[in-house]
Amino acid sequence: MFKATSVREAEAILAEEAVQVVLCDQRMPSITGVEFLKTVRERWPDAVRMIISGYTDAEDIIQGVNEAGHLSICDKPWQPKA
């Protein structure tokens, strides 16, 4: 498992490692999660893309599915099913 604290760091990891799943926040300092996952989709299309957000703006969700092609949206705070 890898953890990145910036988009630049995440892209460096993706370039060097065989990452199968990318989970990112929708609201990040330099770019939205949808924008980042669009890049992931273009450069690493085999990676499963997921987004997590504490905000449930329908427009963001639709944009994410249509543009970034991510498969799942997780609400914050995320609680795994027992």
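Analyst: The model is predicted, and the protein averages a pLDDT of 80, with 66% of the residues scoring at least 70; pLDDT is the predictor's confidence in each residue, from 0 to 100. Among the elements, H1 has the highest mean pLDDT (94) and strand E3 (residues 72-75) the lowest (60). Where pLDDT is low, the predicted coordinates should not be read in detail.

Some ground rules come first. In this predicted model, local features need pLDDT of at least 70 and side-chain atom pairs count only at pLDDT 80 or more, while totals for chains, interfaces and linings use all residues. Residues are numbered from 1 along each chain as its sequence is written, and side-chain values use heavy atoms, with hydrogens and water left out.

The protein has three helices and three strands, in the order α-β-α-β-α-β along the sequence. Helices (H or I, at least four residues) and strands (E, at least two) are DSSP runs, numbered from the N terminus. Of the 82 residues, 30% count as buried; buried means under 20% relative accessible area, exposed over 50%, and partly exposed in between (1.4 Å probe, protein chains only).

H1 covers residues 7-16, and Val-7, Ala-10, Ile-13 and Leu-14 in it are buried. Seen down the axis of H1, these buried residues fall within an arc of 120°, so they line one face of the helix. The arc is that of the directions from the helix axis to the C-beta atoms. On the other side of H1, Arg-8, Ala-15 and Glu-16 are exposed. The cover over the buried residues of H1 includes strand E1 (21-25) and helix H2 (33-43).

Ser-6 lies in the segment before H1 and is partly exposed, with a relative accessible area of 34%. The side chain of Ser-6 reaches the backbone nitrogen of Glu-9 at 3.0 Å. This is a polar contact, a pair of N or O atoms within 3.5 Å; within protein, one must be able to donate a hydrogen and the other to accept it, and residues adjacent in sequence count only if both atoms are side-chain atoms. Ser-6 and Ile-31 are 25 residues apart in sequence, and their C-alpha atoms are 9.6 Å apart in space.

H2, part of the cover of H1, has buried residues of its own: Gly-33, Val-34, Phe-36, Leu-37 and Val-40. Down the axis of H2 they fall within an arc of 155°, so they line one face of that helix. The loop between E1 and H2 holds Gln-26, which is buried at a relative accessible area of 7%. The side chain of Gln-26 reaches the backbone nitrogen of Val-34 at 3.1 Å.

Conventions. Contact means heavy atoms within 4.5 Å.
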